[in-house]
Structure formats: structure tokens, C-alpha cells
Amino acid sequence: MSEPFSYPPFRPRDNEQNLPEPAAVQVLKSSLFKCPSCSSNLGQPTEGQVNTYQCANRHCFDIAKEGYVNLLLAQRRRSTKPGDSDEMIRSRQRFLNAGYYQPLADAITQQVQQFGAHQRVLDIGCGEGYYLQQLRTSASDIQLYGIDISKTAVRLAAKRKLNAQLAVDSAFNIPLIDSSINTAISVFSPISAIETARVLTPTGRLIMVGPGAKHLTGLTAYIYENTVPHQGNPLDTTATDSEFSLLETLELEQEITVRLSDIEDLLKMTPYYWYARPEQQQTICALKELTTTVHFVIHIYAPKEAPDLSLIADQ
């Protein structure tokens, strides 16, 4: 009687014997960032994991070594290097670090503190992070977020080591989930009222800072024969009516004396540099001192309540 048939034991081929172990599953924790490709929530890597944000649809965005993430998709850029020029950004960094706008920074931090502790604060158009740093110095218990369309600016902000979540993206496509922010600030930066209202909680606040009518008149006197008053940085009327209510307007005005190389930085960090003729630029940069008024207007807004759609449907 023949032996029952059985298959021989499986032997892997030589090239299969040293295959690497399967990669460990990436463990992600929830973040407030949303995927720019599909708008789903982006997961943040835990300690020891690969530095990559990833959504449920496996769209991945690497975290730079400085700690920020670039969420500005190539098809949404209007130029190869959007935002302020590197020269303008670095001039602004040096000028602000010199303390000339410290009274404004103090006014902003004071307003934010009035809205309570343990907030999530977003700086829209955060630039190189000066105002975020002022907020971090004033309170260690707030969660800071910053976005700017300039990669150079966000990288400089990340180098300040603010313990903040920073991203490269547009103010008109804020990469955060709905109703996630308690206070948003915008300093001399345009915003989208609709996008800002979307990311604010129903009880949130928006602080918008713009130039007053007398802002930098000592500088503009070297450029224009007749100085045109600033129009400020308010929300446009339509957006204000539909998205926000104005709660309060504050003004801050004083004289400062800018000295030596700081004068050139002041000129180059403003749009006036592009309007000044070469000889005017040379005259301003050759000054030893420049005394000028700084005039800031601070608008405080609250989101308007969303209509009750069930009541509308019943009519």
C-alpha cells in the first residue's frame, strides 16, 4: 500500500530570506490642521515617529527641520515665491526686534489676555513671528498658531522656538478646521472675513490692526509732496455686515525716533520703498535720525451668530 501524499515543506528562495520587517504603523494624534487636498483632518506624528502630517486619505506633508509645515499647494500659488520679498521680511524682523513697535505689541497682548486663559490664538499673516513671540512671552498657557504665505517668513518664525504650530498657506484658505480658534489677530495683513469667521469659535474674537491716518508721516514727507491719509486695515463693508460685528475701536499714536540703519529697514519693510525714487531712497537712508508719528488703529470684532436654518425651513 502506497504512502499518503503530502506537500514538501516550503523553502523560501535565497532572495526572499533577508527581506526587511514590515514598517511599523505610523501612530498619529489629532491636530487642528486640515488637509489642503481633501479638507479632512491632518494627523500629527507622535514622539519618535516620522515628521509628517497625514490625513485619512494618505495625503502627506513633511514637517521641516525648523518645525513648520508647508500646506500651500503648488496650484494655489500665484508666483514661484509668494508673499513679501526676503529683503522686506528681514528688514521688518530687524526693525521690530529693535522695539520701535513695542507699544503696539503690548496693546495686542493686553487685548488677548482680556479674552481669558488657555486660548488658541491664530496670527494671520504672522510674518517672521514678532507678535507671536510677544504673545508667548506674555502667557505660557496659550496655544499659538501662525500662518503666512511666505515660506521665508514662516521659517524665521519657527526659528524663534515659540512652541507654536506654524504653516505656510494663504489667509484666504486657512488650513485649520472649523471653530478651532478663540482669538485671531491680523497686523497690517489682509484677511478673508469668511475664512476667519469659519475657524473662529462662536464666542471668538478678531483683532485687526492697521495704520492710522498719521502713520509714518515723518517718512512719507520725504517721498510725497502731499501726504495721503491711510485708509487703515478694516474688514470690507460687505464682509463686516455678513460675518462680523464691530465691538470696539482703539487708537494708539506716538512719536518715535528711528536711528541709523534702522531707518533703511523701516523704509524697506513698507510699500513706500517701491514708490520712492532712487534719489529719495538715498536721501532717507543717509539720515542719522528720523522722527515720525506711528499711528495704529485696532478693531475688535465678534462673529455674528449663524442663522437657525431649522427656523428658516419652517417658514
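User: What is the angle at which helix α2 (residues 102-114) and α3 pack?
Analyst: This is a predicted model, where local features need pLDDT of at least 70, side-chain atom pairs count only at pLDDT 80 or more, and totals for chains, interfaces and linings use all residues. Residues are numbered from 1 along each chain as its sequence is written, and side-chain values use heavy atoms, without hydrogens and water. Axes are lines fitted to C-alpha atoms, for helices over the stretch in contact, and angles run from 0 to 180 degrees between N-to-C directions. The axes of α2 and α3 are 10 Å apart, and the packing angle is about 55°.

User: Which residues of α3 meet α2?
Analyst: Contact means heavy atoms within 4.5 Å. From α2 come Gln102, Leu104, Ala105, Ile108, Thr109, Val112 and Gln113. Their partners in α3 are Tyr130, Tyr131, Gln134, Leu135 and Ser138.

User: How many strands does the chain have?
Analyst: Helices (H or I, at least four residues) and strands (E, at least two) are DSSP runs, numbered from the N terminus. Besides eleven helices, the number of strands in the chain is twelve.

User: Which residue in β8 is the bridge partner of Asn70?
Analyst: Strands β5 and β8 run parallel and are joined by two bridges. In β8, Asn70 has as its partner Val168.

User: How many residues of strand β7 (residues 143-148) are buried?
Analyst: Buried means under 20% relative accessible area, exposed over 50%, and partly exposed in between (1.4 Å probe, protein chains only). Across the 315 residues of the chain, 47% count as buried. Strand β7 is mostly covered, and of its six residues the number buried is five.

User: Which residue in β7 is the bridge partner of Val121?
Analyst: Strand β6 (residues 120-124) pairs with β7 in the parallel sense over five bridges. Across this pairing, the partner of Val121 is Leu144.

User: Through which helix does the chain cross from β7 to β8?
Analyst: Strands β7 and β8 (residues 164-168) run parallel, joined by five bridges, and Gly146 stands opposite Leu166. The β-α-β crossover between them is right-handed, meaning that, with the strands pointing away from the viewer, the path from the first strand over the helix to the second runs clockwise. The helix is α4 (residues 151-158).

User: What is the relative accessible area of Arg58?
Analyst: Arg58 is not a glycine, yet has a positive phi of about 65°. The residue lies in the loop between β3 (52-54) and β4 (60-62). Arg58 is exposed, with a relative accessible area of 66%.

User: In which loop is Asn163 found?
Analyst: Asn163 is another residue with a positive phi, near 55°, and is not a glycine. Asn163 is exposed, with a relative accessible area of 66%. Its place is the loop between α4 and β8.

Definitions and conventions
Pairing = 2+ DSSP bridges.
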